[in-house]
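Thanks for coming, everyone. Please have a look at the structure before I start.

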Amino acid sequence: MTSDTAYYLGLDLSTQQLKCTVMNDAHAIVLEEAVNFDRDLPEFGTKHGAIQHGDVVTSPTLMWVKAMDILFERLKKSSVIGNIQGISGAGQQHGSVYWSERGMKALHQLDANKTLAEQLSDGFTIDQSPIWQDASTTQECRSLENLVGGPQALADLTGSKGYERFTGNQIAKIYNTRREAYDETKHISLVSSFIASVLLGRLAPVDSPEGSGTNLMNIQTHQWEDKLLKHCGGDSLHEKLGLEPVEGGIELGKIHPFFVERYGFNPDCGIMPFTGDNSATLVSMNLKEGDCVVSLGTSDTVLVYLKQGAAKATTEAHLMAHPTDPTGFMGMLCYKNGSLTRQHIRDQYAHGDWDEFNKLLQEKTAQDCLGFYYSMQEIIPFAKGIYRFQQGQPVQEFADPSVNVRAIVESQFMSMRIRLQRMTTVESKRILATGGAAANHEILKILSNVFGLPVYKQKGMNSASLGGSLLAKYGTLHGKTSFQDMMKQQQADEPELVCEPDLESTKQYAARVEEYNRLEKQVVDQQ
């Protein structure tokens, strides 16, 4: 295989779709494809890729399997599939998959004459996988924190306090309430390692960034912490997880013959560790210290690269292992109320029209109005409901209801700025915007003004699957070079400058921080 025909495949199993990006050796994207769960797999009855019953939010595991069948059928028609040298990718963070013994056996013996869905239809002891939007494990979170001495102690040990969506607390709930299904579970995967397992035909380990999204891994050693495992899943959890977390830049094995025979993959195609969607986004951006990624999608996230010594665990943010620097960290803030909540406000106050929404964003900031918009149970802060304040007093509705459009955007970005400053003393120099809402210039202008920083945008919107492609290539190098050196060897497109801040506006936002903190505390105290 000559270098000019070498390709690398990145997959991203996100909340709403399974996406892929194929890049060549020069890191140019040559193919992108996506399977949308609601549209392409309507038989599973999902809305925005999930099934919600109050605080319980899941996705059908078999839907993800069927999506792989569809995606690989589409890739089969491309000219690149036989020259793909490596595959890596991302999964929506924290979600978990529960393999039965029958499922693991079927995985080993995949038959190229049948679809994955046909062979894995009864491969799971729990057919609805808990996902990151679930908020039903508060009791398990507090129990885990109490075990080690409180929220800060758990954050110091694992990088985060107890969070409802974190995999350890989801496992604990199943252990406590569905013991029979738990006992029948042969292995537990995260969404990311689940895809890698299917491609390998055997259990794949999680990578260390994914391990740090479980409340089960020691953030310093990158190993499972036994006392946490026993508390969440008894003596058998270590065996069910099967393997210790691994670092990126290695090959787990070659692709299973099923994919060679059925779809035309090269038998030498290597499968690398898969990571979380947020860490894959960080990889695709090739962050330097001082860069801050703001990803505006179904959830909104803030990602920063923190070197050893520059990071501290807090009870509001996440400190996670870095996907390509084993001694560094990824600092993360995660907000559940992202694009779907903005769309709800657009529908209510801008007649469902983005152009009208954007015109309202251009209006002058109402200095005496602040809103907090938590349609779903929010993570930062832990609150639910919609709360409006005018002149510092709670109101049912603003005097001018259209103010809600600006208020929802400003409120989210002010929260990000305040929390980022609490997490690290490293000054951010620029913002790299990504995710679906990063296509909206008016939203990015407010982001720039709140932070007082220039905002740049990466070309190509599927940043997590592009990160997967880069991790795939990195794994084929087998440690011969660092990730940074690999990136330096290619002339990467510089991100495009989208907007510079109006520093007068930045001063006005800074002057409102104290009031913001006071009113947010009122909201949290009402919960």
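I will go through a helix pair, a group of aromatic rings and one arginine. Keep in mind that this is a predicted model.

Let's begin with the helices. Two packed helices are described by the angle between their axes and the distance between the axes. Take helix 15, residues 339–349, and helix 17, residues 403–423. Their axes come within 9 Å. They cross at roughly 165 degrees. How do the two helices run, parallel or antiparallel? An angle over 145 degrees counts as roughly antiparallel, and helix 15 and helix 17 are therefore roughly antiparallel to each other. The crossing of helix 15 past helix 17 is right-handed.

Which residues meet there? From helix 15 we have Thr-341, Arg-342, Ile-345 and Tyr-349. From helix 17 come Asn-404, Val-405, Ile-408 and Gln-412.

Now the rings. The whole structure holds 17 aromatic pairs. One of them is Phe-72 with Phe-259. Their ring centres are 5.5 Å apart, and the planes stand at 70 degrees. Over 60 degrees counts as edge-to-face, so that is what this pair is.

Phe-72 is buried, with a relative accessible area of 0%. Phe-259 is buried too, also at 0%.

A second pair is Phe-258 with Tyr-263. This one is edge-to-face as well, at 6.0 Å centre to centre and 75 degrees between the planes. Phe-258 and Tyr-263 are both buried.

Last stop, Arg-165. You will find Arg-165 in the loop between helix 6, 151–158, and helix 7, 167–177. Is this arginine buried or exposed? The relative accessibility of Arg-165 is 3%. Buried means under 20%, so Arg-165 counts as buried.

What surrounds Arg-165? Set aside the neighbours within four places in sequence. Arg-165 is then in contact with His-94, Trp-132, Asp-134, Gln-170, His-318, Met-332, Cys-334 and Ile-379. Look at Gln-133 as well: 32 residues from Arg-165 in sequence, but 6.5 Å away in space, C-alpha to C-alpha.

That is my tour. Over to you for questions.

Terms used:
Residues are numbered from 1 along each chain as its sequence is written. This is a predicted model: local features need pLDDT of at least 70, side-chain atom pairs count only at pLDDT 80 or more; totals for chains, interfaces and linings use all residues. Side-chain values use heavy atoms; hydrogens and water are left out. Axes are lines fitted to C-alpha atoms, for helices over the stretch in contact, and angles run from 0 to 180 degrees between N-to-C directions. Helices (H or I, at least four residues) and strands (E, at least two) are DSSP runs, numbered from the N terminus. Angles under 35 degrees count as roughly parallel, over 145 as roughly antiparallel, 65 to 115 as roughly perpendicular and the rest as oblique. A crossing is left-handed if the near helix is turned anticlockwise from the far one by less than a right angle, and right-handed if clockwise. Contact means heavy atoms within 4.5 Å. Rings of Phe, Tyr and Trp (its six-membered ring) pair if their centres lie within 6.5 Å; planes under 30 degrees apart count as stacked, over 60 as edge-to-face and the rest as tilted. Buried means under 20% relative accessible area, exposed over 50%, partly exposed in between (1.4 Å probe, protein chains only).
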